[in-house]
Amino acid sequence: MGRILDLGPSSAPPTTRVPPGKLPSQTSVIDTVVEEAVVPERPEDERESWDSKWTFLLATIGYAVGLGNVWRFPYLAQKNGGGAFLVPYFVMLLLQGIPIFYLELAIGQRLRKGAIGVWHEVSAYLGGIGISSAFVSYIVALYYNTIIAWCLIYLLHSFESPLPWAECPKRLYKNFTYDIEPECVVSSPTKYYWYRETLRASPSVDEPEAINYNVAIALITAWFLVYMCMVQGITESSKIVYVTAIFPYVVLIIFFFRGITLKGAADGVMHLFTPRWESILEPVVWLEAGTQIFFSLGLAFGGLIAFSSYNPANNNCYRDALVVSFTNCSTSMFAGVVVFSVIGFKATSIFDSCVSERDALIAANKTTDLPVCDLQKELENSASGTGLAFIIFTEAINQFPAAQFWAVLFFMMLFTLGIDSQFGTLEGVTTSLVDMKLFPNLPKEVITGALCLSCSVLSMCFANGAGSYIFQLMDSFAGNYTLLIIAFFECIGVSYIYGIKRFADDIELMTGSRPNLYWMLCWKYISPIAMMTILVASFIELASEGSSYPGWNALTGNTDKLEWPHWCIVVAILLVGVSIIWIPGVAICRLCGINVIEDSEPAWFPTAELRDVHGIVPHEPTDIEISLFCIRPDGAEGLCCPTYGPREQPLDEEEE
């Protein structure tokens, strides 16, 4: 009891129940034995638990704050109206980000299981939601670790002097003469090192060419590091969490003070946050704001449900949802300032070089074919994703004094940002497998090792010339649409099957305060509508504009926009289908009498103790709650069909 409530060991002495009509002195040993046999014993809660509140918060922040905060948010803000982008960004945070984050933390803490166990307990027909979360987490973890492998390669070479991406290499010809690599001359040293030396990129996804042994070794190393960090379980991972969650903030602060002292930093930051209000009227801006909020918080992977299931039953999940969500968004804006201060420095350096070259030509009386120098154009030439990290940022670092030091810091930050998000993603898979008892005789560390080994083998598809294109294919299709569909069904499961009133009662038991009308409206109406709108708009955009990928052209030293071949479209459909099919599949199997997920006993939840601790009295629905949520006099709701009986009563109340 002390472990579950986190209130310390209980000192209450055991009591013996006296049968009616007998005095304590008349109670025989036989009667006592009979009574003890009749009264069921409280089950022992053997689930793992966090060793401290700070460990949970740092692990959840590390899971939510990832690479997208550093290299996607700044690009989206600059592209979609600068400071005006913050309006749709925070609106979508309030409408779908925090409500779903709050929902996942609360449902995991209440039912005390992984994603599969939680949704199967909500309804035997909804168990497919948990399986879908586990599948999409596995797929995303498979390609996400490729970024960590790339960071390891750059981190290793960051100790070289000069940095290998600082200047073009020389080519040795058969006549023993040297010349600068032509492919590097037409591109740039950072682009050449990224596409040719690191990725060894082929012209298209249809031409995988040779195996990239450097990436293959880095992938094996990355998966080994993930396994070593996860094998001890959450109870032993506090030191790792403290490092992986705090270190990126230390580096961001260091880069912030370095960046604001650079020439042109102010121009870069002003370019990022100067509002262009006309962009708010564009639907695509709202679409990208909602998508960024959704994926930056790590919703629907099952990792948040797994993390919260290890919390004590009286943990304040509402406060945790607010703290982590606003920390995540604040980190995005702070990272945007850091990134664009450096981009401003890079753009100003290019602009100054252009002006100097133009002035020199004018001084030499050459007035034709003068270069056009435009600072705003250089500022707009920012990129998202891997291009921002491995090309633009590295190019700016090249111009720093002690460039090796800054390169090591930067790629260490990317490594820690990636690996703690990877913990949460894989934790959603391992916790679900353990809770399903598919391998009851295998300890969790063996299951974790098998997962990492299988991912390591499958990730070899990224270790060839077309590996980066396969990465982009999975990144574009494997997670986006699938996660929106899963989160939509999560809201439906809680609001229309588990019951919004029942869910609010549970939160009141756990936190001592009832969620207000706003959160209940979001769970039942607003968030599902927002997610369906984003999903439909995404499909319309995909159908109208199509999808393409940037293929490396060695002759021009740049990327060309290429259409995905038919087999890639088939793979994309399979990636989405193999995750989503479980939601209707499990329900259909259940209707046919086939149990894909075995039924299990609900985890013990100390309802009576929590009620006494918080002094909670039964909540009478208000008139507005009855009107909005269709609450009936018997406590049921419109479209509400509870699946595993009424709420468990405390043992002492049952006897009464």
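Over the face of which residue does arginine 110 lie, and at what distance from the ring centre? In this predicted model, in which local features need pLDDT of at least 70 and side-chain atom pairs count only at pLDDT 80 or more, totals for chains, interfaces and linings use all residues. Residues are numbered from 1 along each chain as its sequence is written, and side-chain values use heavy atoms, with hydrogens and water left out. Arginine 110 is placed over the face of phenylalanine 605, at 4.1 Å from the ring centre, where a charge is said to sit over a ring if NZ of Lys or CZ of Arg is within 6 Å of the ring centre and within 35 degrees of the ring normal. Arginine 502 lies over the face of tyrosine 498, at 4.4 Å from the ring centre.

The largest nonpolar core has 178 residues, and those with the most contacts inside it are Trp119 and Phe255. Such a core is a set of buried Ala, Val, Leu, Ile, Met, Phe, Trp, Tyr and Cys residues joined through side-chain atoms within 4.5 Å, and buried means under 20% relative accessible area, exposed over 50% and partly exposed in between (1.4 Å probe, protein chains only). The largest share of this core, 18 residues, is supplied by helix H8 (residues 127-157); helices (H or I, at least four residues) and strands (E, at least two) are DSSP runs, numbered from the N terminus. Apart from this core lies another, of 5 residues, including Ile116, Ile131, Val586 and Ile597. When residues up to four places away in sequence are not counted, the residues that tryptophan 119 touches include Leu103, Ile107, Ile305, Glu490 and Val494, a contact being heavy atoms within 4.5 Å.

In helix H25 (residues 582-591), the residues Ile583, Val586, Ala587 and Arg590 are buried. These residues cover an arc of only 100° around the axis, which puts them on the same side of H25, the arc being that of the directions from the helix axis to the C-beta atoms. Their cover includes helix H7 (115-122), H8, helix H22 (480-511) and helix H24 (566-580). H25 is followed by glycine 593, whose phi is positive, near 85°.

The structure holds 48 aromatic pairs, counted where rings of Phe, Tyr and Trp (its six-membered ring) have centres within 6.5 Å, with planes under 30 degrees apart taken as stacked, over 60 as edge-to-face and the rest as tilted. The rings of tryptophan 50 and tyrosine 310 have centres 6.2 Å apart and planes at 80°, so this pair is edge-to-face. Because tryptophan 50 lies in the loop between helix H2 (29-38) and helix H3 (53-64), and tyrosine 310 in the loop between helix H15 (303-308) and helix H16 (317-363), the pair ties together parts that are 260 residues apart in sequence. Both tryptophan 50 and tyrosine 310 are buried. The rings of phenylalanine 255 and phenylalanine 410, with centres 6.1 Å apart and planes at 70°, are likewise edge-to-face.

Turning to the backbone, the peptide bond from serine 161 to proline 162 is cis, with omega near -5°, and proline 162 is found in the loop between H8 and strand E1 (170-172). Arginine 200, although not a glycine, has a positive phi of about 50°; with a relative accessible area of 36%, arginine 200 is partly exposed.
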